[in-house]
Amino acid sequence: MSIYLCPEDGHTLDSEEEDIIKWCSAALYVGGADTTVSARASFALLMCLYPDVQRRAQAEIDEVVGKGGLPTWADEASLPHVSSVIKEVLRFAPVVCLGPPRRVLAMTHDPGLYPDPMTFNPSRFLAAPEKSPQQDPYKVVFRFGRYVCPGAHFTEVSLFLNVASILATFDILKAVDDQGREMDPVIEYTDGITRIVPRPGASSLILADP
Ligand code: HEM
């Protein structure tokens, strides 16, 4: 946003223009901070609970990008398992659910749209010869119409790069207690404008074998 503070035509901003830039910057920061943190926390939690899903997505990255490489946005279309993990994280644990957007939770857990909605199952978004993929949750988790999230496209890219890079370099495991015993994380969310995983530290990231 700082580019708007130095307009190309060189005119000096008046206080109203400065005010608009200030508030737009704040809105983008507030809108973008907790939301992506929540999605990433859900991703880590679900990956340590579903290690087979995690391994499948990692194997896909190894096949497409090669071991030791980092995926880029250009790889997205070739990584359907990784993309389906992100879709299922956002469907299973939608980030913004307060007030009218609570409808988002009802929609992403509607058994008519998503059979067996309480099961974390990214393959629901993969096309197969005898079944079509289920509805892309991006159509609802960012809301729609006049209330649609202006950061949706930015999030799609940044979440993909985050998730794909973490899967390429780390194994996500259950955290261990001070006796070295694995702890079973609970899927439990706070209620608020942004839903967050209330217990940080449920999972741990270990560098994967190179
Ligand atoms: C997982 C990530 C995200 C999700 C699920 C999400 C979801 C949403 C939803 C559902 C709304 C509409 C709220 C309403 O009912 O009024 C919204 C609004 C908004 N989002 Fe996002 N968002 C995400 C990331 C971001 C990012 C990264 C940015 C900025 C870079 C952003 C900026 C905003 C702003 C500024 C609004 C308010 C728009 C307005 O009132 O006109 N969001 N977001």
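Modeller: Start with the ligand, which sits in the largest pocket. A pocket is an open set of points, on a 1 Å grid over the protein atoms alone, with protein on both sides within 12 Å along at least five of seven lines. "Sits in" means that more than half of the molecule's atoms lie within 2 Å of the grid points. The elements giving two or more residues to the shell around the ligand are α1 (15–49) and α6 (152–169). Helices such as these are DSSP runs (H or I, at least four residues), numbered from the N terminus.

Colleague: What kind of model is this?

Modeller: It is a predicted model: local features need pLDDT of at least 70, side-chain atom pairs count only at pLDDT 80 or more, and totals for chains, interfaces and linings use all residues. Residues are numbered from 1 along each chain as its sequence is written, and side-chain values use heavy atoms, with hydrogens and water left out.

Colleague: How many residues surround the ligand?

Modeller: A residue counts if one of its heavy atoms lies within 4 Å of the molecule. Here 17 residues do, and the closest are G31, T35, R143, C149 and T155. α1 supplies the largest share of this shell, five residues.

Colleague: What is the volume of the largest pocket?

Modeller: A volume is the space filled by probe spheres set on the points, which are joined across faces, edges and corners. For the largest pocket it is about 800 Å³. Lining residues have an atom within 4 Å of a point. There are 27, and G31, G32, T35, V96 and C149 are the closest to the pocket's centre. α1 gives the largest share of this lining, eight residues.

Colleague: And how do I read a cavity?

Modeller: In a cavity, a 1.4 Å probe fits but cannot get out. The structure holds one of 30 Å³ or more. About 40 Å³ of space lies in the largest cavity. Its lining is A39, R40, F43, V85, I86, V89, L90, L159 and V163. α3 (80–92) is among the elements that give two or more residues to this lining, and α3 gives the most, with four.
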